[in-house]
Amino acid sequence: MEKMNRLTFLPFADDEALCHGLAVHMHAVRFRMKYGLPITNPLLENIKKMYPYMFSMVILAMEGIDEIANMPEDEAGYIVLHFQASAERLENKREKVKACIVCHMGIGMSRLLETKITRQFPDIEILGCLGKAELPDFLKNHAIDLILSIVPVEKTEIPCIVISPLFETRDGEKLKRLLAGWDKGKFFVAGKPVLANFIREDTVFFGWQKEHRYEVVEMLCMELYRKGYVEKGFIASAMQRERKSATAIGGGLAIPHGDPSMVLRSAVALAVLREPMEWGNEKVSLVFLLAIGSREKDEARGVMKEIALISETPDAVKSFMEARNYQDLLRVLKDLGKEKAFASPLGTVPQ
């Protein structure tokens, strides 16, 4: 649990249900491993496809813990379910959305607005009511997730919606739609999936064809090392992870990865293979090597979600395979974002 906390920055130790569940489950796991009593997990392939991020983190966390370092994948799949359930419980206790109100109609109107909003939306915490001219200085000194303003606000990367001074019914509906797309205080920009932020022109490789998946992983890692994205130890870490179990997630995709603590600059390397190749029990055409730092856990989850979405979209895989350059790939990602609508557009709410 301590290693999972360091890898994901989720406070698993605060979840008593996880502590109890793991204590009971691990007792049985150690017994089976000690006496060589293997089990079959009929959910394993679905777990790897549905929760690739958590599966990867659990496998990584087990490394270096002697008693469970060689735990079979079938056993590990059940452990993943414990941590995934815990993550969802913890996220349901998410912090309040921190907001400010921009209103130039006096303190009385501002306070009335604040009262109406917090009464209807208890998950919103108002940190200040201010005039438009005060906003730039306020933002420098406060971590704000959302701006609620009675006048348009320009030049800000923070999501902002314009509301009426009396916060009418339509304003409440508008804010409700905005919060429905809220993901831990962040928005993914529609048409610009987060994955595109990590795949760079110098980390994409077309037409590769190797004899074994280990060669692909090693060469992708070497490219990232040579270009200063990862430490040299990342190569051995990724190879060790791949040897432990194949990282194919279905749909013709694989997601090899190494220790996040050895990432210097987060990136995703992509190999578009000339022909599908054996990757464990599957055939793989697209290899996404993930090198995302430990402190970018939300981004890592976003990347995992988008890759999982690609694996479930045959047309997207086909488009990736037909891409001939970096710009082609960006167009594929942009089109995928438009079609699937990962989340609400940044700062844009239907009127």
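Is G258 buried or exposed? In this predicted model, in which residues are numbered from 1 along each chain as its sequence is written, local features need pLDDT of at least 70, side-chain atom pairs count only at pLDDT 80 or more, and totals for chains, interfaces and linings use all residues. Side-chain values use heavy atoms, with hydrogens and water left out. G258 has a relative accessible area of 6% and is therefore buried, a term that stands for under 20% relative accessible area, whereas exposed stands for over 50% and partly exposed for values in between (1.4 Å probe, protein chains only). G258 is placed in the loop between β7 and β8; helices (H or I, at least four residues) and strands (E, at least two) are DSSP runs, numbered from the N terminus. Apart from neighbours within four places in sequence, the residues in contact with G258 are L60, F234, S237, A238 and L290, where contact means heavy atoms within 4.5 Å. Between the C-alpha atoms of G258 and E211, which are 47 residues apart along the chain, the separation is 21 Å.

The protein chain as a whole contains 13 helices and nine strands. Its C-alpha atoms fill a box of roughly 70 × 50 × 35 Å, taken along the principal axes. Of the 351 residues in the protein chain, 50% are buried. Among contacts with a separation of 6 or more, 71% are made by residues 24 or more positions apart. The accessible surface amounts to about 17700 Å², and 52% of this surface belongs to carbon and sulfur atoms; such areas come from the Shrake-Rupley method with a 1.4 Å probe, and for residues only the protein chains shown count as cover.

Five strands make up an open sheet with mixed pairing, in the order β5-β8-β9-β7-β6; two strands pair if DSSP finds at least two bridges between them. At the edges are β5 (204–208) and β6 (248–250), each of which pairs on one side only. Strand β5 runs parallel to β8 (residues 267–279), and four bridges join the two. Within this pair, F206 stands opposite V272 of β8. Strands β8 and β9 run antiparallel and are joined by nine bridges, with V272 opposite L286 in β9. These two strands form a hairpin with two residues between them, and G280 in the turn has a positive phi of about 70°. On a further side of the pairing scheme, β7 and β9 run parallel and are joined by two bridges; here L253 stands opposite L286 in β9. Strand β9 is mostly covered, with nine of its 10 residues buried.

Helix α9 (residues 213–226) lies across β5, β8 and β9 (282–291) and runs at about 160° to β8; axes are lines fitted to C-alpha atoms, for helices over the stretch in contact, and angles run from 0 to 180 degrees between N-to-C directions. Helix α11 (residues 297–311) packs on the sheet and touches β6, β7 (253–254), β8 and β9, its direction making about 165° with that of β9.

Another open sheet consists of four strands in the order β2-β1-β3-β4, with parallel pairing. Strands β2 (124–130) and β4 (160–162) stand at its edges; each has a single partner strand, so one side of each is left without a neighbour in the sheet. Neighbouring strands of this sheet are turned by 25° against each other on average, direction ignored. Four bridges in the parallel sense pair β1 with β3, and A99 has L146 in β3 as its bridge partner. Strand β3 (residues 146–149) also pairs with β4 in the parallel sense, over three bridges; I147 is partnered by C160 and L148 by I161. In a regular strand the side chains alternate between the two faces of the sheet. In β3, L146 and L148 point one way and I147 and S149 the other, and all are buried. Helix α6 (residues 107–120) lies across β1 (97–102), β2 and β3, at about 170° to β2.

Helix α4 (residues 52–62) is mostly covered, as 11 of its 11 residues are buried. Among these buried residues are Y53, F55 and L60. Their cover includes α1 (2–8), α3 (44–50), α5 (73–91), α10 (233–244), β6 and α11. Just after α4, G64 adopts a positive phi of about 90°.
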